[in-house]
Amino acid sequence: MANVIMASCSKALIPTSKPKSPQFQLSLPKFQTLAPKIPKPQISISPSAVKSLVAAAAAGLALAPPSLAEEMHKAALFDFNLTLPIMMAEFLLLMVALDKVYYTPLGKFMDERDAMIKAKLSEVKDTSSEIKAMEEQMAAIMKAARAEISAALNKMKKETAAEVEQKIAEGRKKVEAELQEALANLERQKAETIKALDSQIAALSDEIVKKVLPI
Amino acid sequence: MNVLSCSINTFYAISGVEVGQHLYWQIGGFQVHAQVLITSWIVIVILLGSTAIAIRNPQTIPNSSQNFFEYILEFIRDVSKTQIGEEYGPWVPFIGTLFLFIFVSNWSGALLPWKLIQLPEGELAAPTNDINTTVALALLTSLAYFYAGLSKKGLGYFGKYIQPTPILLPINILEDFTKPLSLSFRLFGNILADELVVVVLVSLVPSVVPIPVMFLGLFTSGIQALIFATLAAAYIGESMEGHH
């Protein structure tokens, strides 16, 4: 693009300034056309003062263009010359150079970074499903663990309950056995004492009979 | 004529303003305004140097200077995109260079102490306060939008001159002349007027008073650079868009 613009601008612009190769030609004609117009009304206003100026103007015009040009150097706002095409060329060169140094490399870099960030973001969105799966897995594991723990707890409870019952039964049996034994002992002692009493009763009754019946 | 120029010259002498005075160099029989070229070279060196230093090694997490230039590039892309449309890509260098060159030129005129360097004739100032620079940029803009239109639509581009009716043909043709004219004179006038106001105020009241005007000048300079770049982009976009 730059080449095309440069080619067309050099064609269009440089020839226009070529015929005006003598200095300050461009600004000179304007003042020449202005010169006859301005002094004329002035003459009618104040002839004495202006006459000298007109003379000076005439002298200025009569003199060789360089002296007039020296004056023009003092105020040439709209002074077109070779600066214009040179500025065009400078601008185009600056454009190409900045493109090489700035726009293209940094733009490419920024675009690549954008693409990278976007790719990473989409990757992160993908992993969210993975995370969901992992969460489900975790929930399942937790559930299994809870079930296992409660099962173990129940089993333990049952076991301990059975043990306790067994121990209670044992203790009861033991107590009953001891009770039986004690009762048996008591019975035996009762029988023994009764037996002993019986024999004593016989002796006593004999004595009583002897005493009561005094023969 | 001498009356006119004499009065102008005495006015300039009184106010101490050097307007339209140039340092002339001869290049192969042609004359150039040396002070414009010198300042433009400095502007170009500033632009190329700062960008080259800031972007020599781009980081994924940008440091402050890289961040600054990324911001500028995004700004330029944004301006181009809003004005030109989706096919703005190839025009970013043109629009961006217009903006950066004009902006740095304008601010250099306000911020750099050019007065410290004395020239035999004329004075160093912003390159954009010379009509040659602004006309050069405006003509390049004209060429750019002609190129954009012709490359997009071929000779059918010239059909836009009779849109919407052939009656508007003279106005449409006139537009091609008014566009560069208004672009160049807007920039030239604003920058020259700004510098003149500052110089005249400084010569009248040397302290404090010119400072707000200087800040206004900085603001105007930035706005002018943005306007030039935006309008150039708008013209390019206009010549590229389809006419239905």
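Predicted model: local features only at pLDDT ≥ 70, side-chain atom pairs only at ≥ 80, totals over all residues.

User: What share of the residues in chain B is buried?

Analyst: Buried means under 20% relative accessible area, exposed over 50%, and partly exposed in between (1.4 Å probe, protein chains only). Of the 244 residues in chain B, 46% are buried. As for contacts, meaning heavy atoms within 4.5 Å, 66% of those in chain B with a separation of 6 or more join residues 24 or more positions apart.

User: How is the packing of two helices described?

Analyst: Two packed helices are described by the angle between their axes and the distance between the axes. Axes are lines fitted to C-alpha atoms, for helices over the stretch in contact, and angles run from 0 to 180 degrees between N-to-C directions. Angles under 35 degrees count as roughly parallel, over 145 as roughly antiparallel, 65 to 115 as roughly perpendicular and the rest as oblique.
H6(A) and H2(B) pack at about 5°, their axes being 10 Å apart, and are therefore roughly parallel to each other. Among the residues that meet there are Leu94(A) and Tyr102(A) in H6(A), and Trp41(B) and Thr51(B) in H2(B). Ala, Val, Leu, Ile, Met, Phe, Trp, Tyr, Cys and Pro count as nonpolar, Asp, Glu, Lys and Arg as charged, and the others, Gly among them, as polar. By these classes the contact of H6(A) with H2(B) has 14 nonpolar, three polar and one charged residues.

User: At what angle do H2(B) and H3(B) pack?

Analyst: The angle is about 120°, with the axes of H2(B) and H3(B) 9 Å apart. That makes H2(B) oblique to H3(B). Ser50(B), Thr51(B) and Ala54(B) in H2(B) meet Ser65(B), Gln66(B) and Phe69(B) in H3(B). The residues of this contact comprise two nonpolar, four polar and no charged.

User: Which residues touch the most other members of the largest nonpolar core?

Analyst: A nonpolar core is a set of buried Ala, Val, Leu, Ile, Met, Phe, Trp, Tyr and Cys residues joined through side-chain atoms within 4.5 Å. The largest has 62 residues, and those touching the most other members include Phe91(A), Tyr102(A), Trp91(B) and Phe94(B). H6(A) gives the most to this core, with 12 residues. Leaving out residues up to four places away in sequence, Tyr102(A) touches Gly107(A), Thr51(B), Ile55(B), Phe69(B), Ile72(B), Leu73(B) and Leu100(B).

User: Is Thr141(B) buried or exposed?

Analyst: Thr141(B), in helix H5 of chain B, counts as buried because its relative accessibility is 1%. Beyond its neighbours within four places in sequence, its contacts include Phe94(B), Leu183(B) and Tyr235(B).

User: Where is Val208(B) found?

Analyst: Val208(B) is in the loop between H6 and H7 of chain B. Although not a glycine, Val208(B) has a positive phi of about 60°. With 61% relative accessibility, Val208(B) counts as exposed.

Key. Residues numbered from 1 in each chain as written. Chains lettered and ligands numbered in written order. Heavy atoms only, no water. Helix = DSSP H or I, 4+ residues; strand = E, 2+ residues; numbered from the N terminus.
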